Amino acid sequence: MAGLTGMGPFEVCYTDFSEIVYAGGKAQLIPLLDHLTKVVLGWALGERTTTDLALDAWDKAKAALASLGYPLEGLIVHHDRDSAFTSYRWLDKLLRADRCRVSYALNGPGDNPEMESFFGRFKTENRSLFQDAQTMEELREIVGKRIRYYNQERRHSTLGNQVPLVHAKSLNQDK
């Protein structure tokens, strides 16, 4: 998405599905990532890319935004044209019910570099932990711990070596 200069925290977020290989098989991870703060707002994990999985991640993201004191209305959610993101249920929820806006990646993964970068780092840093998980529940627990680490402890060079939630809270104080 070009032209994001001047955007504030929690005005644009990105999402997509990515496959995680674990000892018990393969799973699909869908996080929602804020553009400015790099906070993973919500996520879900399941066996297939489905609208239900996307909506589960969205519900968690909505709860996180509310706890951080940011509105949903007007939020831009950028993603590809996967059937989960073009479904009536997804669009009805985001556009009509939650009054957000959607933005579609029209040129494949290269049109969603924030998500590709997140997935590349997240999967590389945690590959051995994922491969040790024997069940979907074990994998879900590991992913949850790693996302909490990502949000609450992992420093990001793009944030001046701040932690995403610390950075987000500092921006919220400036409101």
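Predicted model: local features only at pLDDT ≥ 70, side-chain atom pairs only at ≥ 80, totals over all residues.
Reader: How do you know that the chain agrees with a compact globule?

Author: For a chain of 175 residues, a compact globule would have a radius of gyration near 16 Å, and because the chain itself has 16 Å, the two agree. Along the principal axes, the C-alpha trace spans about 45 × 40 × 30 Å. Buried residues make up 49% of the 175 residues, while the chain exposes about 8,700 Å², of which carbon and sulfur atoms supply 48%.

Reader: What share of the contacts in the chain between residues at least 6 apart joins residues at least 24 apart in sequence?

Author: Of the contacts between residues at least 6 apart in sequence, 61% join residues at least 24 apart.

Reader: Why is histidine 78 called buried?

Author: The cut-off for buried is under 20% relative accessible area, and histidine 78 has 1% relative accessibility, so histidine 78 counts as buried. This residue has its place in strand β5, which covers residues 76–79, and the side chain of histidine 78 makes a polar contact with the side chain of serine 103 at 2.7 Å.

Reader: What makes that pair of side chains a polar contact?

Author: For a polar contact, the N or O atoms have to be within 3.5 Å, and the value for histidine 78 and serine 103 is 2.7 Å, so the pair meets the distance limit.

Reader: Which strands does β1 pair with, and in which sense, parallel or antiparallel?

Author: Strand β1 runs parallel to β5, with three bridges joining them, and β1 also pairs with β3 in the antiparallel sense over three bridges.

Reader: What makes strand β4 mostly covered?

Author: Strand β4 takes in residues 40–46, and seven of its seven residues are buried. With β3 (residues 25–34), β4 pairs in the antiparallel sense over six bridges, and among the partners there, tryptophan 43 of β4 is bridged to proline 31. The hairpin formed by β3 and β4 has five residues between the strands, and in this hairpin lysine 38 takes a positive phi near 65°.

Reader: How do you know that the reach of helix α1 is close to the expected value?

Author: Helix α1 (residues 51–68) has 18 residues, and its reach from the first C-alpha to the last is 25 Å, which can be set against the 26 Å expected at 1.5 Å a residue. Helix α5 (residues 136–152), with 17 residues, reaches 24 Å, and the expected value there is 24 Å. After α1 comes glycine 69, whose phi is positive, near 85°.

Reader: Why is threonine 51 called buried?

Author: Threonine 51 has 14% relative accessibility, and because the cut-off is under 20%, threonine 51 counts as buried. The residue lies in helix α1, and, leaving aside residues up to four places away in sequence, threonine 51 touches Ser83, Ala84, Ser87, Arg89 and Trp90. The buried residues of α1 also include Trp58 and Lys62.

Reader: Which residues does isoleucine 142 touch, not counting residues up to four places away in sequence?

Author: Isoleucine 142, which lies in helix α5, touches Leu129, Phe130 and Ala133 when residues up to four places away are not counted. Phenylalanine 130 is 12 residues apart from isoleucine 142 along the chain, and their C-alpha atoms are separated by 7.1 Å. Isoleucine 142 is also one of the buried residues of α5.

Reader: Where is phenylalanine 10 placed, and why is phenylalanine 10 called buried?

Author: Phenylalanine 10 has its place in the segment before β1, and at 3% relative accessibility this residue falls under the 20% cut-off, so phenylalanine 10 counts as buried. Although phenylalanine 10 is not a glycine, this residue has a positive phi of about 60°. Arginine 99, in the loop between α3 (88–97) and β6 (101–104), has a positive phi near 60° and is likewise a residue other than glycine.

Definitions and conventions: Residues numbered from 1 in each chain as written. Heavy atoms only, no water. Helix = DSSP H or I, 4+ residues; strand = E, 2+ residues; numbered from the N terminus. Buried < 20%, exposed > 50% of the residue type's maximum accessible area, 1.4 Å probe, protein only. Polar contact = N/O pair within 3.5 Å; in protein donor to acceptor, adjacent residues only side chain to side chain. Expected span 1.5 Å × (residues − 1). Rg over C-alpha atoms; globule rule 2.2 N^0.38 Å. Contact = heavy atoms within 4.5 Å. Areas by Shrake-Rupley, 256 points an atom, 1.4 Å probe, with all protein chains shown as cover. Pairing = 2+ DSSP bridges.
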